[in-house]
Amino acid sequence: MTVANSVSISQSIAGRYAQAVFEIAKESGGMDALATQTDDLNAALHDSAELRDLIASPIYSRDQQAAAIGALSTRMGLSPVLANTLQLMAKNRRLFVLPQLTARLAELIATERGEVTADVTSAIALTDAQMDRLKQTLADKSGKTVKLNTRVDETLIGGMIVKLGSQMIDSSVRSKLASLQNVMKEVG
């Protein structure tokens, strides 16, 4: 099995669980709570090496994973639907897809709300005014509410790279210098 196949399988498994949780939350009017809990769960995955180890390591038994996920669900105050789904995933040895589950849930919620996320990489940290202006410009262009994921990459030298869906706008000094270098190679 190739890496691409295992990623595809993981996304497929996560997608089925995410779709079920999303539909139940949508029917019961718990979309806002699900959005908050998804963000909290994603933050916990990002911040806790122990949690990442628990969901990925085969040394933990199903019962150990279920007990740990149950305690985590209670401590985080997760909804019964999400908590029960995590328990089912633990019993079926599917917790390894938890990062894909949170990503897919975030996508479904954003689509339902008419939101889109733009990934912005800039040479320096953007001010609040710059982020607001960028959000407004992207919202005007896409016709949707825009959320920004920002990060700083000093190797850009200046400018930024914006990815919105399948579109990418690269206005970094680094890419302009690379283009200029290519043009100079062709001339000389």
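**Exercise 1.** State where Thr121 lies, whether Thr121 is buried or exposed, and which residues Thr121 touches.

*Solution.* Step 1: Thr121 belongs to strand 1; helices (H or I, at least four residues) and strands (E, at least two) are DSSP runs numbered from the N terminus. The model is a predicted one, in which local features need pLDDT of at least 70, side-chain atom pairs count only at pLDDT 80 or more, and totals for chains, interfaces and linings use all residues. Residues are numbered from 1 along each chain as its sequence is written, and side-chain values use heavy atoms, with hydrogens and water left out.

Step 2: Thr121 is buried because its relative accessibility is 12% (buried means under 20% relative accessible area, exposed over 50%, partly exposed in between, with a 1.4 Å probe and protein chains only).

Step 3: Apart from neighbours within four places in sequence, Thr121 is in contact (heavy atoms within 4.5 Å) with Arg151, Asp153, Leu156, Gly159, Met160 and Ile161.

**Exercise 2.** Describe the setting of Val173.

*Solution.* Step 1: Val173 is part of helix 8, residues 173–187.

Step 2: Val173 has a relative accessible area of 31%, so Val173 is partly exposed.

Step 3: Once neighbours within four places in sequence are set aside, the contacts of Val173 are Leu156, Ile157 and Gly158.

Step 4: From Val173 to Thr155 the C-alpha distance is 9.2 Å, and the two are 18 residues apart in sequence.

**Exercise 3.** Work out how helix 5 and helix 6 pack, and which residues make the contact.

*Solution.* Step 1: Helix 5 (residues 80–91) packs on helix 6 at an angle of about 150°, and the axes are 12 Å apart. Axes are lines fitted to C-alpha atoms over the stretch in contact, and angles run from 0 to 180 degrees between N-to-C directions.

Step 2: On the side of helix 5, the contact is made by Leu82, Leu86 and Met89; on the side of helix 6, by Leu98, Leu101 and Leu105.

Step 3: Sorted by class, this contact has 6 nonpolar, no polar and no charged residues (Ala, Val, Leu, Ile, Met, Phe, Trp, Tyr, Cys and Pro count as nonpolar, Asp, Glu, Lys and Arg as charged, and the others, Gly among them, as polar).
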